[in-house]
Amino acid sequence: MARKKIALIGGGQIGGVLAQLCAQRELGDVVLFDIVEGLPQGKCLDIAEVGPVEGFDVSLKGTNNYADIAGADIVIVTAGLPRKPGMSRDDLIGVNSKIMSQVAEGIKKYAPNSFVIVISNPLDAMVTLCQKITGFPTNRIIGQAGVLDSARFAAFIAWELGVSVRDVTAMTLGGHGDDMVPLIRYASVGGIPVMELLERKYGNAAKAKEVMDAMVSRTRKAGGEVVALLKTGSAFFSPASASLAMVESILKDQKRVLPCCVYLNGEFGVKGYFVGVPTVIGAGGVEKVIEFKLSAEEQAMMDKSVAAVKELVGTLK
Ligand code: TXD
């Protein structure tokens, strides 16, 4: 079987880690594209020279030429500026829209049959723009936000309860902004609702709620927490891993249930926008949106988050 081809557009922090992870797990041959000359070539050479030590055997090519992504099965877009301390994701829309426009043209021309995973911020707007320009069917365009936001929520729950992160299930819905919706009702540890465990730990419901509210708030601001510490850019290890889970689910047809930013056609009361919801991701890309009934409070939070997405998308030229 021919090896899969994975094209990474943007060879910065996330793109570099992605190239390494794709190679290390032998998911396919990797092409790393960037406009900066030497940067993707240098990173690919460096990673390729890890091969003999780690024992992986795929080809890595750094390039400044879109023609090299030809025939890619999957394209992952991280091109664009990251946040600096004090900036919101939405502050990036002007400059990153221009970059995304060029990138989407390149993908449309050279990898017209690919699945595209968008990571660049502001995420919900960049996915929308990428789909508009490529014209790809919406099952082939997916934004990464929910896998990471959910992982952050799960990590905070695991640390709070002193259990393995592997046994926590947690999910966020909505846009990739401060109005995202961490779902408290469905957060569980080994299948047991987190709220019940918090109530047992603290012996009263009010304290449990206070602790959960703090975790929800930290989840919403988790990207900014990393930005404030790094000062020179934003999180990159975790966004790379999160998008890799999506890549792997497509390439291996795993049909994993992952919260992804996908085009909605009436689900959760949203029509014509890309918003984060639980999906089934497999060989067909977005194979299904998993719909379920939200409580009135959850729906209100979802509506608020969707309103923020609509406002942001409305500012796209
Ligand atoms: O979960 C998520 N979706 C995210 C998204 C989590 C964290 C950060 N997220 C966003 O990803 C972040 O706000 C940025 O918009 C992107 C990429 O973040 P990264 O940390 O990798 O940024 P870098 O290191 O600055 O890398 C961006 C690269 C850099 O090498 C530029 O030279 C390149 O993008 N770049 C371009 N590549 C191709 N084509 C064009 N036009 C271009 N312009 C810049």
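Colleague: Why is Lys221 called exposed?

Modeller: Lys221 has a relative accessible area of 53%. Exposed means over 50%, buried under 20%, and partly exposed in between (1.4 Å probe, protein chains only). The value for Lys221 is 53%, so Lys221 is exposed. This is a predicted model, in which local features need pLDDT of at least 70, side-chain atom pairs count only at pLDDT 80 or more, and totals for chains, interfaces and linings use all residues. Residues are numbered from 1 along each chain as its sequence is written, and side-chain values use heavy atoms, with hydrogens and water left out.

Colleague: Where is Lys221 found?

Modeller: Lys221 is in the loop between helix H8 (205-220) and H9. Helices (H or I, at least four residues) and strands (E, at least two) are DSSP runs, numbered from the N terminus. Lys221 and Ala307 are 86 residues apart along the chain, and their C-alpha atoms are separated by 18 Å.

Colleague: What makes the backbone of Lys231 worth a look?

Modeller: Its phi is positive, about 70°, although Lys231 is not a glycine. Lys231 sits in the loop between H9 and H10. At 54% relative accessibility, Lys231 counts as exposed.

Colleague: How do you know what the side chain of Ser305 reaches?

Modeller: The side chain of Ser305 comes to 2.8 Å from the backbone nitrogen of Gly175. A polar contact is a pair of N or O atoms within 3.5 Å; within protein, one must be able to donate a hydrogen and the other to accept it, and residues adjacent in sequence count only if both atoms are side-chain atoms. At 2.8 Å, the pair is inside that distance limit.

Colleague: Which residues does Ser305 touch?

Modeller: Leaving out residues up to four places away in sequence, Ser305 touches Gly174, Gly175, Asp179, Met180 and Val181. Contact means heavy atoms within 4.5 Å.

Colleague: What makes the peptide bond from Asn121 to Pro122 stand out?

Modeller: That bond is cis, with omega near -10°. Pro122 lies in the loop between strand E5 (115-118) and helix H5 (123-134).

Colleague: What lines the largest pocket?

Modeller: 40 residues line it, with Thr78, Ala79, Gly80, Leu81 and Pro82 nearest its centre. On a 1 Å grid over the protein atoms alone, a pocket is an open set of points where a 1.4 Å probe fits, with protein on both sides within 12 Å along at least five of seven lines; lining residues have an atom within 4 Å of a point. The largest pocket holds about 820 Å³ of space. H4 gives the most to its lining, with four residues. Domain 1 and domain 2 each supply at least three residues of that lining.

Colleague: Which classes make up the lining of the largest pocket?

Modeller: There are 19 nonpolar, 17 polar and four charged residues. Asp, Glu, Lys and Arg count as charged; Ala, Val, Leu, Ile, Met, Phe, Trp, Tyr, Cys and Pro as nonpolar; the others, Gly among them, as polar.

Colleague: Which element gives the largest share of the lining of the second largest pocket?

Modeller: H6 does, with seven residues. By class, this lining has 14 nonpolar, five polar and three charged residues.

How values were computed
Points joined across faces, edges and corners; volume = space filled by probe spheres on them. Domains from an automatic or database assignment.
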